[in-house]
Amino acid sequence: MSHHQLDARRILCPLPVIRTQQRVENLAPGDTLEVRCTDHGALNDIPAWCRINGHEVIETRDDGAEVVITIRVS
Amino acid sequence: MLAARVVMDQGVHVEGLNFFTGFCVEGHTHAIRNQDKARPKRNNALWVAEQLGIKLHIVDVIEEYKDIVINPRHGYGANLNPCLDCKGFMVGKAREWMERKGFDFIVTGEVIGQRPKSQRKDTMPVVARESGANDRLLRPLCAKLLPETLPEREGWVDRARLHGFSGRSRKPQIALAQHFGFEDWAQPAGGCCFLTDAQYSSKLADLWRARGERRYELDDIMLLKVGRHLRPSPEFKVIISRDGGETNFLTGYRRQFVNLTATSHRGPLTLVDGKADEAGIELAARLTARFGQGREAERVDVLVEWPDGHSRTLAVRPLSAEQIPPEWYV
């Protein structure tokens, strides 16, 4: 199991979800992925995508200019 | 949503496909403008998938879609919306996905007569044929008005439990949604694509005219959604943010464009798209001053930054409203 990071800043919904989806396809179950976004809509969309696809949202953080969503791949 | 639910009611396993062309309305504009901050920032496709309890696959078709926008075989609708080509393209992508993943047929929510170009009785077979889906394309909401498809013939779905909706009224769909217990639903077709918007299409047409060719990159079509666009010259246009949200968004492009901000007064961020000479830069500075809090001032200091990192401050008199010809507004 390993930890990964994804820079999804300066792109808008649904691209952060698409980039997350593409990255997760190449990760192993149990891996974690930290996604950093500037589109606050990602705070809704990435957790929704995780719920639909069975991945776990470990943490969401709103730092003002950026939001960070960390997920565990199922 | 309804079409999927109708076949799910017959025990069919459904997964959702959502194609991102770059022209989708939802999300982007909500995320950018201050005035939209209070709106729920939901992605409708994800929301629908959650309501239905199905998987959703969001597919990036930005590059392939360019050919549909630039060279639509069936032409455009009222604006630069290539609806019929778009439908054929998306169903074709769905067919490829279906074949790759081992699914049996495709379901869409089309209704005969719902849309003037892409959802007419005579264009329904065009979509089925040009997508290559042929009789593996089922439209559960109007299936009874169309020839039998493979899933109906094979008994995978019961034609008797499909529908025969037609026309522009959405009353039957709303009644069906209520029957299923849905209290909310996503934007009806057409309203979710910027290409159906006259103002947006005008900006895209201007972009093509200015470049002398019909091409675009993702950043181009994103920027068309943001700010005031004014073209004082064939060589360049300015994009001026309208609120703090747009300023934040445009800030991400500062290294790609000559950009201007007032330093003596609060005001917008302006990007210069194209080649502006000295006089053009000064005009861009006066426009920047015009749309800031210094609009009535005698003099506004405007910082001009170039992508190579050098910068200069200009002291300019803001343009008055009367000095901006209406034809500059794209």
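Let's start with the contact: 18 residues of chain B and 17 residues of chain A take part. Two residues touch, here, if their C-beta atoms, placed from the backbone, lie within 7 Å. This is a predicted model: local features need pLDDT of at least 70, side-chain atom pairs count only at pLDDT 80 or more, and totals for chains, interfaces and linings use all residues. Residues are numbered from 1 along each chain as its sequence is written, and chains are lettered from A in the order in which they are written.

Stay on the chain B side. α2 (28-32), α3 (44-52) and β2 (56-60) of chain B each give two or more residues. Helices are DSSP runs (H or I, at least four residues), strands likewise (E, at least two), numbered from the N terminus. The largest share, four residues, comes from α3(B).

Next, the domains. Chain B has domain 1 (2-195) and domain 2 (226-328), with bounds from an automatic or database domain assignment. Their C-alpha centres lie 41 Å apart.

Now the core. The largest nonpolar core has 104 residues. That means buried Ala, Val, Leu, Ile, Met, Phe, Trp, Tyr and Cys residues joined through C-beta atoms within 7 Å; buried is 20 or more other C-beta atoms within 10 Å of a residue's own. Helix α5 (83-101) of chain B gives the most, seven residues.

Which residues have the most contacts inside it? Among them are B:L46, B:I106 and B:V302. Take B:I106. Beyond four places in sequence, its contacts include B:V91, B:A94, B:M98 and B:L137.

Conventions: Buried ≥ 20, exposed ≤ 12 C-beta atoms within 10 Å, placed from the backbone.
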